[in-house]
Amino acid sequence: MQFKAPKGTRDFFPDDMVLRRWIMKQWDDVSLRNGFVEYDGPIFEDLDLYRVKSGDEIVDQLFHFTDRGGRGLAIRPEMTPTLARMIAVRANALPKPIKWYSQPRLCRAERPQRGRLREFFQWNVDIIGESSEIADAECIFVLIDFMRKVGLSPEHVEVKLNSRAIVSALLDAAQISIQQQSAVYAALDKRDKLSAEAFEALLAKIDLNTSQKNILAQFADACDADGLDRIAEFLRESSVATEGCDAVRRVLDLLDAFGVGGYCRFDMGVVRGLAYYTGIVFEAFGKGGLKRAVGGGGRYDRLIEDMGGPTIGAVGFATSDVVLADLLNEFDRLPSQECELDFFVIDADPSVFETVLHVTASLRERGMSAVFSYQRQGVGKQFKQAAAKNANRVVIVEADIASTRKISVKDMAHSKQATLELDAFLADPMQQIE
RNA sequence: GUGGCUGUAGCUCAACGGUUAGAGCACCGCGCUGUGAACGCGGGGAUACGGGUUCGAUUCCCGUCGGUCGCCCCA
């Protein structure tokens, strides 16, 4: 019986592991240099933790099970409920703003597609306890800081932002009923994937009247500063909308001050799927063939309270290793394999093999990485192995080591070789080879 | 979960329904007993799985599984 990895999961062979580690190291580096600290929680949680926010429908999207005590549990499909739970416990004791990040392994029982698997790693960045736009802007900056660090410029990736306040004020102004609003949100979210006709057909299905459709058609594709001004003008009676527009402008100004304004613009088409966002929302998009958001987030000022915590505002985003690897691959920004082996120790003659082991062990004891060939074969063959392993240096244990105490060291990159006293070499293994 | 497309070696691809399913790259061995390349020779390794049609199936049909695209969903 042969088994393969379950649907939507991945095996990480060593080469894949190099990539995964590299991506997560970028997440760590960027988070830390932006002043975030890491947290984590359990890989499974109480099933009800996910029901609170999303209702019972969420249950079939989860991998869930019952333990022997009859408790309903679920493998975590997202990190925010865990974060909210943890914040609720200590919110009053933590200095504000709380800047936390995490890189959880998550599972969702979805149909896998490109960029979307059943098991993946996510980078979560959240700022809690700060309601000014500075937090929104810094959050977006962190995402862009990552993009910059991995070599993606505004020609490769862009961040679109909007405010839920603007969207809901526009729907109110169009007198769209509460019952219809969530369908309209979904339609707006899809707007830039659809033709104008297909968008209109979608609106028709929601059963909007002509003037409602006209209002939406007029503003749904606003995607720059002018569009924002037009909306602000149209909604100038609404204080909610005016504040929302001002908030978007302030965030864009702050991002300019951060030096990353070139990545960012307003876009009415970004509303984000679910209901808990309350203010700024944003999504990063690749500008190549990958038609998919590569990261997104927004402000959620009531969620922590809804989940039993204190009344405290928050803003955050998430992105996944799967979609980032696709994006980096598309623009040829994946890292090349680096040399990681310090020494390859070879024998000039099979009779000195035990000295090979001694030298190897001594190098390892000094903190160097060192390996040797399992087969006793010619010097040429052993050199081939050393080259295949990307060894920095090759140590040749000479056949007359017992009497001369001498070894040779070759610097592979510069192709320079010297013969040294074994003890002198071990005293300073990385010494210059002339 | 649902519909379309798809599945040949670790990877990229061949093979009219017909001999023992081929090749490149990769891997292993040898040429090669003092230095990484190149080359040459040799080797292992595949029709995803299960049925059906047929004298004969990698090829045609059905189912399962996986991948992928769209829908649902996107936390």
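Helix α12 is followed by Asp332, whose phi is positive, near 60°. This is a predicted model, where local features need pLDDT of at least 70, side-chain atom pairs count only at pLDDT 80 or more, and totals for chains, interfaces and linings use all residues. Residues are numbered from 1 along each chain as its sequence is written, chains are lettered from A and ligands numbered from 1 in the order in which they are written, and side-chain values use heavy atoms, leaving out hydrogens and water.

Helices (H or I, at least four residues) and strands (E, at least two) are DSSP runs, numbered from the N terminus. Helix α12 itself covers residues 321-330, and eight of its ten residues are buried (under 20% relative accessible area, with exposed over 50% and partly exposed in between; 1.4 Å probe, protein chains only). Among them are Asp321, Val322 and Leu328. These buried residues pack against several elements, including α1 (14-33) and β12 (314-320); contact here means heavy atoms within 4.5 Å.

Elsewhere, there's an open sheet of three strands in the order β2-β4-β3, with antiparallel pairing (two strands pair if DSSP finds at least two bridges between them). β2 (44-46) and β3 (64-66) sit at the edges with a single partner strand each, so one side of each has no neighbour in the sheet. Three bridges join β3 to β4 (residues 72-75), and Phe65 has Leu73 of β4 as its bridge partner.

Ile43 sits in the loop between β1 (37-38) and β2, and it's partly exposed, with a relative accessible area of 42%.
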